[in-house]
Amino acid sequence: MKKPFPRSAIGAATLTLLALGGPLAQAQTAAPSLKEITVTGNPLGAADLIAPATQYSGEGLLLRSKTTLGETLDGTPGVSSTYFGPNASRPIIRGLDGDRIRILANGGGSLDVSNLSYDHAVTSDPLSIERIEVLRGPGALLYGGSAVGGVVNVIDNRIPREPQFDEKGGISGKLDLNAASGNSERGTGVLLEGGNNRYALHVDAFDRQTSDVRVPRDLACSKTAVTTTARRICNSASDVSGGAVGGSVFFADGYLGASASTYRSSYGTVAEDRVTIGMKSDRYALEGEVRNLNGPLQSIKAHYSQTDYRHTEFEGSRPGTVFTNKGSDFRLEARHAKIGNIDGVLGMQTESNRFSAVGTEAFAPFSKTSQSALFAYEELGTGWGKLSLGGRLESVTVESFGNPRVARFTPAKKDFTPGSYAVGALWNAAPGWQLTSNLAHTERAPKDYELFADGPHIATAAYEVGNANLAKEQSNNLDLGAAWKSGGHSFKVNTYVSRFKNYIALNQTPGVRRNAEDGEINPTEDPGNAGFTASGAGFRPLAEFRYQQVRARFTGAEASGNIRLLEGASQVDLALRGDVVRATNLNNGQPLPRIAPWRVGASLLWASGPWGANLGFDHNAAQKRVPVAPTGQTGAYTLWNAAATYRVKAGVASLLWYARFDNLTDKLAYSATSVLTSTAFPKAPLPGRSLKLGLQASF
């Protein structure tokens, strides 16, 4: 017999909030139900979280799921996407991207090379995800300097943490089938779990195929010797598959589990009409926890993972540059016994990875990065709320081994000792009202490519040069929030400012261009000719970009809310959302690149019995604040979306039929946060009108 699925509070926190991240977030029930949900960022499992956070799971995640993690989360207040076409995108949180946003897998490190280049995909497919948790603002205390902008935790049940069945045992499962018109998508996912109160087994598999994505205007395509035009993003097809097996054994006060997973992807890079990426990643994880200990420690939890990542960039059918990244992550957390009203955890974390790139487009050397950290997080409960205090000290070593095939890379080694700390407060100001504040100082060690890059980065039409003299990136961050709830009505707002003493920026060197083949300086080339030849057969000299440290400031606000319009047998709600961020290089007063404009959106949500529907829009203002106008400027646009669901029982199974319309008006739009828009040759608008139909069966 199956038990209700329990919540694990270790390595996460329980937060009462409303996830109103997009027009499709809640199509099943018009009324957003405020309930306890697990949220990354607080290892104490507290009922209220000080840091702003959002989670998506179940039907809410299903209806906003896209082909990439970044596009799935885009539209959440404070979150946008790097959008490198439909196959590669990472989340941007409060204007920060790359190695300032930490992507986790079940609370452990997720290793790939998506932080190295915008055309490299995240090794996580929405078909295999059960829940996504987003922590906005600094998460450096628990997850390291790469979390200075925020944390995205991708969660599955590949290592079961609690029994789902009693001693008699049982089996449960889920089947997802979907198809979409805009990219001819065909997706399938299956999950099976079984066991009893002593053990649990898990197996899942997924497969998704897409064709070139439909857009509202004709685009040129040079896949063959003849250039053609069509209303499709050239070279945007994909073929993704993967799966996992896992299991756990349970004892009276804990569990021990392991999993093995694989991810395979072949997709077009869209920036180059004939280049595709063939990717594979294998990950192994071991996790365990002991609870209800007597003495100074209440519980101990450990997590270890090892990842072997590799991708090859094919030029037509010919293999080109090969990227590999192999590494491991170990994390140990111990929750101590309460000292009066003080509750907290102590922990340690170690990470290590080896990176290599072999081929003509290797713009970073062979390298090894090792880091270890100690951290502590404490909370003091009070009659009016709570106070929090935490700190983290890291030791980071970044070593370049050069490249046996490329003479321009030289061996070097750099050591850093980043330290971060934060204080926060939550005040239950009045019935239904909560006020929060967070003040944090964070430090991040430079990455290997920021220190040692020296080569052509064709995907971004740049020749990148690292800076071995970079210091730790330091920032001070302040966040103020307010939340209110009364019945079906709710509202939440956060404002923030982050000031960087020495932000690591990739700045163009005026008047300097380099040959892509040999790196020689070619200063006479016309700046307007950077990038690709018209046929895609070769490369012109590329603009030089260097990693430099500048003073920078990020300010912004995020808001979401719900208005209950009708309650009873049928419910109608109006969900509202909006955000704004402004980022400035304080050295020269210019805007920082690829920052989202102000955005607002609303959705009308209806539910009646087994039926649900919504209709909503998201408006993006024009973005004119760019470093070098007009390159990177985008016009305003509004995208309309709709969804409908119907749930019915079929024997022991529950069937959920759903339909989703994206970009109902087939609006032509370009993303202000995409490097494809900020180059001289914008190649990929946002997808056009598309209808997605699907069935999810669970038992």
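**View 1. Salt bridge between R577 and D618 in the predicted model.** In this predicted model, D618 is buried, with a relative accessible area of 17%. Its partner is R577, and the two side chains meet in a salt bridge with an N to O distance of 3.1 Å. This pair links distant parts of the chain, 41 residues apart: R577 belongs to strand β31 (residues 570-585) and D618 to strand β33 (residues 611-620). R577 is likewise buried, at a relative accessible area of 7%. Elsewhere, salt bridges that share partners join R94, R136, D479 and E558 into one network.

**View 2. Salt bridge between D343 and R335.** The closest N and O atoms of D343 and R335 are 2.5 Å apart. D343 has a relative accessibility of 8% and therefore counts as buried, the limit being under 20%. The count for the structure comes to 34 salt bridges.

View 3. E287 lies in strand β17 (residues 275-290) and is buried, with a relative accessible area of 1%. R161 forms a salt bridge with E287, in which the closest N and O atoms are 2.9 Å apart. Because R161 lies in the loop between β9 (150-155) and β10 (170-180) whereas E287 is in strand β17, the pair ties together parts that are 126 residues apart in sequence. R161 is buried as well, at a relative accessible area of 12%. The side chain of E287 also makes a polar contact of 2.5 Å with the side chain of Y255. Leaving aside residues up to four places away in sequence, E287 touches N106, I159, R161, Y255, L256, G257, K301, A302 and H303.

**View 4. Disulfide between C221 and C234.** The structure holds one disulfide, which joins C221 to C234 with an S to S distance of 2.0 Å. The pair links distant parts of the chain, 13 residues apart: C221 is in strand β13 (residues 214-221), and C234 is in the loop between β14 (228-232) and β15 (238-251). The torsion about the S-S bond is about 45°, so the disulfide is right-handed. Both C221 and C234 are buried.

**View 5. Nonpolar patch on the surface.** The patch is formed by Y199, L201, V249, F251, L256, L286, V290, L293, I300 and Y304, which together have about 820 Å² of accessible area. At least two residues of the patch come from each of β12 (199-210), β15, β17 and β18 (297-315). L293 is placed in the loop between β17 and β18 and is partly exposed, with a relative accessible area of 31%.

Definitions and conventions: Residues numbered from 1 in each chain as written. Predicted model: local features only at pLDDT ≥ 70, side-chain atom pairs only at ≥ 80, totals over all residues. Heavy atoms only, no water. Helix = DSSP H or I, 4+ residues; strand = E, 2+ residues; numbered from the N terminus. Buried < 20%, exposed > 50% of the residue type's maximum accessible area, 1.4 Å probe, protein only. Polar contact = N/O pair within 3.5 Å; in protein donor to acceptor, adjacent residues only side chain to side chain. Contact = heavy atoms within 4.5 Å. Disulfide = S-S within 2.5 Å. Patch = residues over 30% accessible without salt bridge, like charges linked within 9 Å, V, L, I, M, F, W, Y side chains within 5 Å. Areas by Shrake-Rupley, 256 points an atom, 1.4 Å probe, with all protein chains shown as cover. Salt bridge = Lys/Arg side-chain N within 4 Å of Asp/Glu carboxyl O.
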